[in-house]
Amino acid sequence: MVYEALQEISPHPGDIQNKVVLVKPNAGFLAGRIGTGLVTDSETVRGAIRFFRDAGAAKVLVGDGSIAGVDAFEALKAARIEHVAREEGAEPLSLDKGKSVEIEIENPMAVDTVKVSSIAHEADLIVSMPVMKSHMNTVASLGIKNMKGCLYQHEKQRFHHLAEEDRFRPWHRWRTLERAIADLYSVLRPAMVVMDGIVAMEGMGPSMGDPKPLGLVIASRNVLAAELAGLYIMGIHWREVPHVLLAAQKTGVDLPEEISALNIDQDALKTFQNPFARAVPEDIAKFFPSFEILEGDACSACCATVMAFLKQKGPAYESRRAGSLRIALGKNIDPDWIDKDTILLGNCTAKLRSHGRFLPGCPPVGSDIEREIGRMDDEGIAAPQVQKPAGSRKRCL
């Protein structure tokens, strides 16, 4: 499917021959099982490698950069992408092993410069190969969001930790993360997008959502057109996804309101439309009522730690009083919501360490949370209900 889709959209052969092509899957997480929608399917990657190899590419690289705490090359191995790449004569690699290349942003919305991996910067063509996902930080994760893996090492985390600045006031209604992704898109844009919808992920993406088998791929040389097609299938309008809207503004593109404006098989597009469950933070609390999770612009790494902990260990605490175990994460937590027995997860909460039970790390791991709850039990602590001040900003997972 991927091979045939790329044949339909491929540029002139001369645009590929003797070029270095970087195939950039979404492989930033350690995949326990294939076919969950967590990472790009290795067989879609195989199709892309074969196409560019047959089209005369000088070299096909296959790489990604991972979230904090995950080795990108080990993630490629866990997803079988490393194995497939070697079978097909491509070179698997971690983008985090390149050098840092700093690129200046023209008319920035959130960042003046971005540091990207030299491997991505030096490739002649980048092919963004995301798996279609709902996403708790960005509503959806497709071809544009997938390029965040090209950022160099801790630059990926920096995008989640940006301080708001008055000079960016025209953009303040959008979160700094969304604007930074648009800034990145303005200087590092894929030549093609191939979206993996063989098994997508809906619900609590990017790491703890549910598999959504669609049996499709979407390919385009127009990145924004691919975003619109993918979002349409997901039942999401592009205006609901700020980084897509901002990427279009940043590059001077007027996005069409109607999907009929796309040069695509409209009947097939409508046939495959299958609205995704959104990553609604409150949903996870319904399953683990003993926990109250306070989130203030936390990055994917800490969010993944909390969700993995709840999924694996949450049922063991179901006899506790509702909301009696409180965990806070992210850089924008209201101190009025914190008491001395609130678990403060990760380095972004360090400024509140005197208010609660601070667990350092970027990110900490689930066993840290388990040990801290054990200490609270040893101390005979039952977390009290905090009087919630009127008008406080709060977001629960």
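## Strand β9 and its partners

Strand β10 (residues 210–220) pairs with β9 in the antiparallel sense over nine bridges, where pairing requires that DSSP finds at least two bridges between two strands. Within this pairing, M201 stands opposite P211 of β10. Helices (H or I, at least four residues) and strands (E, at least two) are DSSP runs, numbered from the N terminus.

The model is predicted, so that local features need pLDDT of at least 70 and side-chain atom pairs count only at pLDDT 80 or more, whereas totals for chains, interfaces and linings use all residues. Residues are numbered from 1 along each chain as its sequence is written, and side-chain values use heavy atoms, with hydrogens and water left out.

Strand β9 also has parallel partners. Two bridges link it to strand β6 (residues 125–129) in the parallel sense, with V127 bridged to M192 of β9. Strand β7 (residues 131–135) likewise runs parallel to β9 and is joined to it by two bridges; here V131 has D196 as its bridge partner.

## Burial of β9

Strand β9 (residues 192–202) is largely enclosed by the rest of the structure, because 10 of its 11 residues are buried (under 20% relative accessible area; exposed is over 50%, partly exposed in between; 1.4 Å probe, protein chains only).

H160 lies in the loop between α7 (155–158) and α8 (176–187). H160 counts as buried because its relative accessibility is 7%.

Beyond its neighbours within four places in sequence, H160 is in contact (heavy atoms within 4.5 Å) with residues including N137, L177, D297 and K331.
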